Amino acid sequence: MSTEDFRPLPLLRELLLKEEKIVEYYNKKHKYKFENNIPLKGFKFRSKIHPILLKLVELNRKYVEKQNLTILKDLREQGERPVIFCYTHICLYDFQIFCEAIRTHHYVLAGDPDTMYRSFDGFLFTLNGAVFCDTNSKQDRFIATERAKEILRKGENLTIAPEGVWNISGNLLVLPLYSGAIKIAMETGCDIVPVGVAQDGKNFFINIGENFKVIPNNAFQAVDEFKLFEEQKKEDLRNTLATLKWEIIEQGSVLKRDSLGDYETEYKKYVSEILDEWKNPKTKENYYSEELVKQRTFKPKNVTTYKMAFEHLEKIKPNKNNAFLFDKRLI
């Protein structure tokens, strides 16, 4: 089906599509509606049913998942203007926990629409209000961004996970951020509300910070000034989110490092447990792999990772002249 002769299918026929076709179909559907100026609908309906959905989320957490929720603090400003919630993305359950903690109705900018297809989670996402986006498509990312701005201009709140993927890093409190949230905030004049989310087994912790202002004090004289401001704000937001998570960590117990066992073994176990939480119901395989998470993690141009710094060692044939490069004390 070409884009030119595309027409959205009735809901029942859409639900009968093969899973491998759904991303292509959604991309064409999003493009068709955007190019034909078909606005988003259902704002009032979603706002009215939000309290019911919240109750379902709370009951599921308490009695099905047996999870606990602790809110450290909530410093956001309560006003009439919409905001962009930015939360740290750590696992399958963080979004539900986040929703229950903030209570406020909001739309979510979500990727991987195929993982939500014909699922109960996807049904709840749609009822609550979601803009699904194929993160591999530049065109669909653009349309999703425009829809996000449309939502904010309608007076509705928006939620983004600016890391773009689960943080399964062994040492980074917050992964490098994508710039979408900052750009949307700058273009709409909306504040960002940063939210730190952390997990310890069945115990989840939420830390809601003060409103994060993005509007510049002066007009930009050049494109370079705009980019510099954007990058600085992105780094400031990342630091703010990291501080919120660190405050959560400070509430925990103090342990000796050797009481945690072998680091590599425990870290691999932790990553495996996180990835195992979300499986394709048909294939029983994990939706995410460690390789996919690393591939989707934003990579700043001016940062050299450990792997990048030492990958040349894999190409070198050891001899007496270069043996010093393999000295573990240097690595």
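1. Contact here means heavy atoms within 4.5 Å. Helices (H or I, at least four residues) and strands (E, at least two) are DSSP runs, numbered from the N terminus. By these terms, T145, A148, K149, L152 and R153 in α7 meet I184, E187 and T188 in α8. The contact of α7 with α8 has three nonpolar, two polar and three charged residues (Ala, Val, Leu, Ile, Met, Phe, Trp, Tyr, Cys and Pro count as nonpolar, Asp, Glu, Lys and Arg as charged, and the others, Gly among them, as polar).

2. The model is predicted: local features need pLDDT of at least 70, side-chain atom pairs count only at pLDDT 80 or more, and totals for chains, interfaces and linings use all residues. Residues are numbered from 1 along each chain as its sequence is written, and side-chain values use heavy atoms, with hydrogens and water left out.

3. Helix α7 spans residues 138–153 and helix α8 residues 180–188; they pack at an angle of about 45°, with their axes 10 Å apart (axes are lines fitted to C-alpha atoms, for helices over the stretch in contact, and angles run from 0 to 180 degrees between N-to-C directions). That makes α7 oblique to α8 (under 35 degrees counts as roughly parallel, over 145 as roughly antiparallel, 65 to 115 as roughly perpendicular and the rest as oblique). Their crossing is right-handed (the near helix is turned clockwise from the far one by less than a right angle; anticlockwise is left-handed).

4. Helix α7 also packs with α2 (residues 22–35), at an angle of about 50° and with the axes 10 Å apart. This makes α2 oblique to α7, and the crossing is left-handed. On the α2 side the contact is made by N27, H30, K31, K33 and F34; α7 brings Q139, D140, F142, I143, E146 and R147. By class, there are three nonpolar, three polar and five charged residues.

5. Helix α3 (residues 43–64) and helix α4 (residues 94–102) pack at about 120°, axes 10 Å apart. The pair is therefore oblique, with a left-handed crossing. L54, V57, E58 and R61 of α3 make the contact with Q96, I97, C99 and E100 of α4.

6. Which element gives the largest share of the lining of the second largest pocket? Helix α10 does, with seven residues. β6 (191–200), α9 (223–250) and α10 (263–275) each supply at least two residues of this lining, which divides into 16 nonpolar, 10 polar and nine charged residues.
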